[in-house]
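Below is a briefing on selected local features of one protein model.

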Amino acid sequence: MAWDIVVIVASLIACQLELSSSNSIGDEAAGGYRTPLLTEAPCTSGPLGMQSGAIPDSSLSASSSYNSNYRPSNARLNVGSDWWRPRYHQDQWFQVDLGDHTAVTGLIVQGLHYHHVSAFTVQFSNTAESEDWLALTDAEGNILEFHGDSSYQVTVTFPVVPMTRYIRILPTAWSTTSYRLKFEILGCRDGVVRLVGGDGALSGRVEIYHNGAWGAVCDEDWDFLSATMVCRQLGFPEALEAKQGSFFGESELPIVMSRVSCKGNEKRLADCPFVCNIPRQCNNSREAGVICKWNSVRLVNGPNRASGRVEILQNGRWGTICDNDWDLTDASVLCRQLGFPNAVEAATGARFGQARARCSWTVWPAPARRARSLTARPFVGRRLNAITPKTQAWSATRGNL
């Protein structure tokens, strides 16, 4: 007897949470969570400092340079008459260390007449370690290729916004093997938040970037809504806990926000009502922290990030969902939970393969059709006592995950 597994196909736009069978955002079992990509910048984008020199020469590196006249420091847009030129034309890259957690929104690139890069890809990393680099991809999982021009400056806007420290440009096509390149990086930090001192990207002390420096947040009036705002700004669905009393350790940063009172409809923490801190009211022993909730659903075995077999996390283990009563409304709830606007198809019949665990859960039909998440929907939990199709001994419960 074959058990049908629920699958969905979501509308093809950039997904905030990259969930796939290859775990491109980190291995959940190992705790290797990565801050998800954002669909929009949390601040006003602008030049990050290639032209102004705010990004120092020591932060620029490349796979090769033709000679000292074409070193990486010559890649600064609108600065000098020299360029970066690699010694070789294939498999080359240019790397920039932004120095800190930054929202990167795009690039301005320029070539030299008939010596220019006509196409390139972009990678990003938090550590610059070889296994940590990820390519910017579209919603279908295809690596994005951007285009340059000869003597004209071309502005490239990324369809998703990585929060990252390192950026690489990798030329993939060129007008001649002796191509040149100048560029500026676009992005922002003001209002950006980060979690420090926790276990990976999901938890930590809340720090916010403002007026060129990082600051801490006081825990006075710190609650679940404000903690959830931080998690959503980082691309996670919501908070698990709002931590107080410098739970993740004290910093030496100034307290820049106190009595934060988010309502839940703001786009970022800086938009929430707050008061500037008065030193006698709050100190570094009272810094706010959060533990964010990882998305408890994912799509696996699909041809891209927007489609696949639905799996749900329950009691620390991933299971599948039976297609009883599964319809487009249920699929749309899941798509929205993953950052897509809606589903375009709710498919059945194990289109993306059967899991070894067979069916673990059955969606229960109910009037709560506008649930915020699939795990908030009423359901009947059916646990298999064995993984073989012949075993039909079940226990059943009804409730909410």
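Cysteine 218 is joined to cysteine 282 by a disulfide, with an S to S distance of 2.0 Å; a disulfide here is a pair of cysteine sulfur atoms within 2.5 Å. This is a predicted model, in which local features need pLDDT of at least 70 and side-chain atom pairs count only at pLDDT 80 or more, while totals for chains, interfaces and linings use all residues. Residues are numbered from 1 along each chain as its sequence is written, and side-chain values use heavy atoms, with hydrogens and water left out.

**Disulfides**

- The structure holds 4 disulfides.
- The torsion about the S-S bond of cysteine 218 and cysteine 282 is about 100 degrees, so this disulfide is right-handed.
- The pair links distant parts of the chain, 64 residues apart: cysteine 218 is in the loop between β13 (213–217) and α1 (224–233), and cysteine 282 is in the loop between β15 (255–257) and β16 (289–293). Helices (H or I, at least four residues) and strands (E, at least two) are DSSP runs, numbered from the N terminus.
- Cysteine 218 is buried at a relative accessible area of 0%, and cysteine 282 is buried at 3%. Buried means under 20% relative accessible area, exposed over 50%, and partly exposed in between (1.4 Å probe, protein chains only).
- Cysteine 43 and cysteine 188 form another disulfide, with their sulfur atoms 2.0 Å apart. The angle about the S-S bond is 85 degrees, and the link is right-handed.
- This pair also links distant parts of the chain, with cysteine 43 in the loop between β1 (7–10) and β2 (46–47) and cysteine 188 in strand β10 (residues 182–188), 145 residues apart.
- Cysteine 43 has a relative accessible area of 14% and is buried; cysteine 188, at 4%, is buried.
- In the disulfide of cysteine 231 and cysteine 292, the sulfur atoms are 2.1 Å apart. This link is left-handed, with -90 degrees about the S-S bond.
- Cysteine 231 belongs to helix α1 and cysteine 292 to strand β16, 61 residues apart, so this pair too links distant parts of the chain.
- Cysteine 276 counts as exposed, at 59% relative accessibility.

**Aromatic pairs**

- A search of the whole structure finds 9 aromatic pairs. Rings of Phe, Tyr and Trp (its six-membered ring) pair if their centres lie within 6.5 Å; planes under 30 degrees apart count as stacked, over 60 as edge-to-face and the rest as tilted.
- Tryptophan 84 and phenylalanine 94 have ring centres 5.2 Å apart and planes at 80 degrees, so the pair is edge-to-face.
- Tryptophan 84 lies in the loop between β3 (60–62) and β4 (94–110), and phenylalanine 94 lies in strand β4, 10 residues apart. Tryptophan 84 and phenylalanine 94 are buried.
- Tryptophan 174 and tyrosine 179 form a stacked pair, at 5.4 Å centre to centre and 25 degrees between the planes.
- Tryptophan 174 is partly exposed at 23% relative accessibility, whereas tyrosine 179 is buried at 0%.
- Trp84, Phe94 and Phe183 form one aromatic cluster.

**Charges over rings**

- The charged end of arginine 85 sits over the ring of tyrosine 66, at 3.7 Å from its centre. A charge sits over a ring if NZ of Lys or CZ of Arg is within 6 Å of the ring centre and within 35 degrees of the ring normal.
- Arginine 194 lies over the face of tryptophan 214, 3.8 Å from the ring centre.

**Glutamine 92**

- Glutamine 92 is in the loop between β3 and β4 and is buried, with a relative accessible area of 7%.
- The side chains of glutamine 92 and serine 64 are joined by a polar contact of 2.4 Å. A polar contact is a pair of N or O atoms within 3.5 Å; within protein, one must be able to donate a hydrogen and the other to accept it, and residues adjacent in sequence count only if both atoms are side-chain atoms.
- A polar atom of the glutamine 92 side chain lies 2.9 Å from the backbone oxygen of glutamine 90.
- Not counting residues up to four places away in sequence, glutamine 92 touches Ser63, Ser64, Pro86, Ile169, Leu170, Pro171 and Tyr179, where contact means heavy atoms within 4.5 Å.

**Helix α2**

- Helix α2 (residues 328–337) is mostly covered, with 7 of its 10 residues buried.
- The buried residues of α2 are Asp330, Ala331, Ser332, Val333, Leu334, Cys335 and Gln337.
- At the start of α2, a side-chain oxygen of aspartate 327 comes to within 3.1 Å of the backbone nitrogen of threonine 329.
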